[in-house]
Amino acid sequence: MIKPLVFVLLAAALTACSKPTPPVGKWEGGYEAGGDLVAARVEVLPNGQVRVMAPDYTNAVGPRPQINELRARLAADLANGWSEVAPRSLDFDGTTFRKPGGFAPQMVWDKSTNQMTLELFIGARPALPIPLRPVDDFHDNPFGSG
């Protein structure tokens, strides 16, 4: 007969070794700085798979009306293409999502704020962190009201 304390310790040890569960939800955001424009969506599904889309423009410079037009195009591309985004598997360590067996972070989740940061790789440049906010449902304008 297994003593109750041994059983509790064994159960605790097995729980401690289990893989962290990815946060289920939706995040979106827009980014504009240094000539880079990005509109992004992320959805973590209940099965742990992830849908990600982040159309971008680089070297987006010009008058504000022209930049606003580019932002609107990115938002439309995101909304129109979202249904075609296939879920993919990513490794999750409790904070960071990586490609299976990969090293480079693809997304970082802050549990305390439920904010997701998409690590976007454009060309050979270092990762560009795109902060995303949690949403109940996606919006036509991922850049938000501001």
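Is Glu69 buried, partly exposed or exposed? Glu69 counts as partly exposed, at 45% relative accessibility; the term covers values between buried (under 20% relative accessible area) and exposed (over 50%), computed with a 1.4 Å probe on protein chains only.

The structure is a predicted model, in which local features need pLDDT of at least 70 and side-chain atom pairs count only at pLDDT 80 or more, while totals for chains, interfaces and linings use all residues. Residues are numbered from 1 along each chain as its sequence is written, and side-chain values use heavy atoms, with hydrogens and water left out.

View 1. A salt bridge is a side-chain nitrogen of Lys or Arg within 4 Å of a carboxyl oxygen of Asp or Glu. Helices (H or I, at least four residues) and strands (E, at least two) are DSSP runs, numbered from the N terminus. Arg73 counts as partly exposed, at 39% relative accessibility.

**View 2. Arg71 and Glu32 meet in a salt bridge.** The N to O distance between the two side chains is 2.7 Å. The pair links distant parts of the chain, with Arg71 in helix α2 (residues 64-81) and Glu32 in strand β1, 39 residues apart. Arg71 counts as buried, at 17% relative accessibility, whereas Glu32 is partly exposed, with a relative accessible area of 33%.

**View 3. Glu28 forms a salt bridge with Arg133.** The closest N and O atoms of this pair are 3.6 Å apart. Glu28 counts as buried, at 0% relative accessibility, and Arg133 counts as partly exposed, at 31%. A search of the whole structure finds eight salt bridges.

**View 4. Strand β9 pairs with β1 and with β8.** Two strands pair if DSSP finds at least two bridges between them. Strands β1 and β9 run antiparallel and are joined by three bridges; here Trp27 stands opposite Pro134 in β9. Strand β8 (residues 115-120) also runs antiparallel to β9, with five bridges joining the two. In this pairing, Leu118 stands opposite Ile130 in β9.
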